[in-house]
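Hi everyone, thanks for coming.

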Amino acid sequence: MDPYDLSFHRIMSKSVDRRSVMAASASSGQGTWEPVIGLETHVQLGTNSKIFTSASTTFGDDPNIHIDPVVCGLPGTLPVLNQKVLEYAVKAGMALNLQIAEHSKFDRKQYFYPDLPKNYQISQFDEPIAEEGWIDVEVAEKGKDTYTKRIGIERLHMEEDAGKLVHAGSDRLAGSTHSLVDYNRAGVALAEIVSKPDLRTGREAAEYASEIRRIMRYLGVSDGNMQEGSLRCDVNISVRQGPDEPFGTKVEIKNMNSFSAIQKACEYEIQRQIKAYETGEPVVQETRLWDEGKQITKSMRSKEGSSDYRYFPDPDLGPIEVNEERREGWRAELPELPGAKRHRYAEEFGLSVYDARVLTDERSMAEYFEAAVAAGAEAKGVANWIQGDIAAYVNANRLGYSELPLRPEQLAEMVKLIDGGKISGKIAKEILPELLEKGGSPKAIVDERGLGMISDPAAITTIVEELLAAHPDEVEAFRGGKTKLQGFFVGQLMKKTGGKADPKLANQILSQKLKG
Amino acid sequence: MAIAEWRQQLKLGEVSARELTDQHLERIAAVDPKLHAYLDVTADRARADADRIDAARTKGDDLPPLAGAPLAIKDNLCTKGIRTSCSSRMLENFVPPYESTVTERLWQAGAVLLGKTNLDEFAMGSSTETSAFGATSNPWDLSRVPGGSSGGSAAAVAAGECIAALGSDTGGSIRQPASFCGVVGLKPTYGRVSRWGLVAFASSLDQVGPFTTSVADAAEILQVIAGHDPRDSTCLNAPVPDYCASLDTPLDGLRVGLIRECFDQEGLDPQVKASVLAAANQLESLGAELVEVSCPRFNDGIATYYVIAPSEASANLARYDGVKYGYRAEGAESLATMTAGSRAEGFGSEVQRRILIGTYALSAGYVDAYYKKAQQVRTLIRRDFDSGFKSVDVMLTPTSPTTAFEAGTHADDPLAMYLADLLTIPANLAGLPAISLPCGFDDAGLPIGVQLITNVLEESRLLQVANQYELAANVMASKPSGSLIP
């Protein structure tokens with residue numbers, strides 16, 4: 001990738017969680033291998049205009065629509081830093097617990113390639129905007145204990161994206177007759193986030209990437225869309241025969257466009273490297289591509305000796321100054337982040353690790369949940385409804401929580417009706433589709449349609465007595481020991497009341513009467 | 001004709017803008033075949049612009065400060081819809097879709113574009129001989145060079161082919177040709193004038209400035225082009241004073257520093273030295289106090305410059321790859337050969353030499369010894385000036401160690417050519433404003449220039465001192481005859 005590569009494996013994690021390392025160690029015939037994984041994540045910052053000019057960042061339009069003389073590097077043009085990009089980068093840095101540099105600068109990273117209009121990329125080399133941080137990543141895998149691991153983050157820096165080459169006659173350069181270049185993406189702002197080599201399994205790598213995406217989406221600095229390339233991960237991976245051994249030869253993997261691809265690519269590559277070492281095959285320093293179809297990594301190019309990018313400070317851009325006032329102003333705008341929310345949901349609402357994780361996955365869902373709880377409903381009930389029918393509806397209709405007709409206060413009203421014994425869960429489930437579609441007051445619907453629960457013991461007793469009189473055979477069988485028949489009576493009772501009988505009270509009265 | 005005088009004549013209707021433009025177009029037609037100061041003459045546009053000014057005057061509109069002033073523009077400043085070649089095969093057919101900030105301000109001030117002037121290719125040179133489209137001659141003696149890289153602009157002003165011109169100065173490219181051609185050349189403080197639309201050579205050194213026949217005219221042009229530009233991050237957001245206001249202020253109590261290291265130069269022509277010292281004495285007679293100052297690192301400027309400027313150039317010129325615009329080599333079999341071929345054929349040898357030097361100086365293993373070391377020395381040079389300006393208001397040096405040399409003299413000796421910028425480079429490295437103005441002539445009848453330097457953003461003082469000297473010395477009153485000097 002760049003010169004940081006060379007030092008990458010010399011930086012040893014200070015806080016590797018031993019337990020997870022042991023749990024993650026890959027066994028093989030000859031012993032135990034420890035994988036060492038680090039990620040370089042490129043996040044497109046979601047500003048309307050590009051990092052150094054006012055050209056639009058819209059994705060997916062016709063080629064070379066969103067370009068201007070600066071994007072194309074025409075002679076005499078100059079870059080001017082988009083202050084929104086700086087704000088987003090600083091906020092992202094703070095969310096990753098990085099130290100924000102008071103003074104930093106841009107450098108030119110030089111290499112010739114037609115997708116790079118100036119043949120140098122404006123990036124940050126030795127004075128990035130943010131350095132030395134960490135995030136806590138919750139690692140959950142089916143059949144294994146969920147654990148939290150702190151992953152170190154080396155740095156975050158700002159840079160411009162390159163354009164895109166379209167090879168005609170082949171999907172690769174090899175075999176193509178000619179190539180076209182589209183500069184729409186050129187100059188889109190990127191934050192490159194470099195982790196420390198603290199990751200030990202494919203799952204950890206995927207969870208780390210997913211947490212980065214979640215944080216960026218919470219901040220609103222990126223949509224993190226992996227399909228559209230607004231979040232791209234490169235993995236650096238090696239294996240060694242134990243935590244105290246020197247690092248093995250590092251391989252870089254590219255071209256994964258989902259978290260599961262990251263996980264699988266790591267898992268494949270770990271096994272490939274172990275097998276290579278054990279059979280005496282050499283593991284060479286190279287870049288490999290993940291082949292999603294074949295589920296394997298393939299060699300792309302060897303990386304003996306790194307390229308010389310001839311970095312030097314960009315004389316067209318002055319120093320980047322972020323004073324305390326500006327920095328703290330931005331800090332005050334940071335939302336509560338997913339990690340803190342997960343923690344709080346468990347502490348404050350007593351939710352399970354799983355529930356907390358699901359509810360906090362998207363900021364809008366979490367905010368919806370919190371608004372419903374704030375309106376006075378019990379957290380657990382709200383959590384269940386959101387994760388169940390509501391999430392299904394939202395996903396099926398591709399809605400955002402902010403545009404859902406059922407407002408959180410209305411959901412809270414419904415949950416309170418259930419918890420207060422005013423309606424049964426069954427009734428709630430029945431009226432929910434209409435609420436989801438149109439919104440409205442659940443209480444008003446219940447009142448209007450007489451769906452309120454029958455919780456008058458006398459009324460229920462009357463109905464129970466009628467039921468028992470109508471089914472003498474079943475009553476006799478019950479009293480003869482077939483106690484399972486109580487379910488039959490509950491069913492009949494609900495049928496007769498249209499599901500409105502208070503289930504707890506009904507069971508109680510029924511038991512009493514059945515015993516005789 | 002001075003700009004102020006022209007403005008008065010236009011206002012009174014004594015001369016029309018069209019007449020002035022036509023006079024200059026005729027002069028160009030008469031002398032430029034011998035001089036080759038212009039690469040392109042924009043006669044139709046010039047006449048149309050002049051007619052618009054006349055129409056506005058007839059209507060009684062207020063006229064902007066440079067109304068009808070016919071100017072020439074160095075061909076590394078982008079002019080919308082008009083070819084901007086940088087005197088390079090690479091940009092032979094490049095027509096910018098945007099206007100540089102400086103020229104935009106000139107047109108808004110009513111100036112008329114006569115044409116684009118010749119330069120050393122991409123402003124790399126000190127003689128205008130590296131132009132891909134032929135050299136420019138010195139109007140005082142056609143066998144000599146006009147200096148460079150803004151040789152076309154300097155020669156055009158000296159030969160009366162325009163009222164004033166713009167050039168750019170990276171290491172002396174305005175002041176040295178001004179000196180060789182006997183005109184006034186001003187390099188403003190780095191960041192005083194926007195670089196938007198100036199095709200970059202060395203971004204941390206490049207600065208646009210005027211060529212004029214008088215100091216007052218230089219003040220007039222600077223007034224129009226100076227000031228903050230949001231399109232250039234390195235452009236200073238400092239108020240622009242009235243540069244003409246202090247031109248007439250006497251020099252009483254002014255302290256003038258003679259930089260010892262400049263006068264100790266081995267290669268300094270004795271006639272140049274004598275003339276420049278006489279200029280210093282003239283300032284003394286005007287009430288200034290002469291003080292000797294030392295800038296111990298002054299002579300390291302050239303070595304420092306020839307690391308920093310090529311380093312920046314190697315990146316700035318990387319964009320010329322034949323992919324998007326500009327020259328593309330024919331028949332290339334691969335991307336690599338297309339890029340390499342386009343650059344090998346599109347760039348001349350001096351440009352290639354500097355790209356190679358810069359690429360080398362930034363390479364892993366050398367960057368500390370060259371680029372970073374040069375940046376450190378640059379800081380030391382700046383500090384020399386800082387301490388010097390604690391005791392003096394303005395510093396004085398020769399502009400060039402010699403007068404204009406014969407064409408072809410340094411063709412095979414780039415190092416000798418580089419020495420022509422010895423005395424001008426330190427002001428670029430330190431970001432200081434500096435001016436060259438005529439102070440005499442040598443035995444061959446060639447003009448000699450004196451350079452004045454002030455602290456950052458002190459252009460007013462710089463122009464004041466230069467103007468007081470110019471008025472008192474009246475150097476041009478005793479000018480020898482030159483081949484194409486009006």
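Predicted model: local features only at pLDDT ≥ 70, side-chain atom pairs only at ≥ 80, totals over all residues.

Let's begin in chain A, where a network of salt bridges links E138(A), R203(A), E207(A), E211(A), R214(A), R342(A), R357(A) and D361(A). By salt bridge I mean a side-chain nitrogen of Lys or Arg within 4 Å of a carboxyl oxygen of Asp or Glu.

Residues are numbered from 1 along each chain as its sequence is written, chains are lettered from A and ligands numbered from 1 in the order in which they are written, and side-chain values use heavy atoms, with hydrogens and water left out.

Over all chains, the search of the whole structure turns up 73 salt bridges. One of them pairs K443(A) with D447(A), with 3.2 Å between the closest N and O atoms. Both sit in helix α13 (residues 442-449) of chain A, four residues apart, about one turn of the helix; helices here are DSSP runs of H or I, at least four residues, and strands are runs of E, at least two, numbered from the N terminus.

Now over to chain B. R144(B) and E406(B) meet in a salt bridge at 3.4 Å, N to O. This pair links distant parts of the chain, 262 residues apart. Is R144(B) buried or exposed? R144(B) is buried, at 17% relative accessible area, and E406(B) is partly exposed at 35%. The cut-offs are under 20% for buried, over 50% for exposed, and partly exposed in between, with a 1.4 Å probe and protein chains only.

Last one: R175(B) bridges to D169(B) at 2.8 Å between the closest N and O atoms, and both residues are buried.
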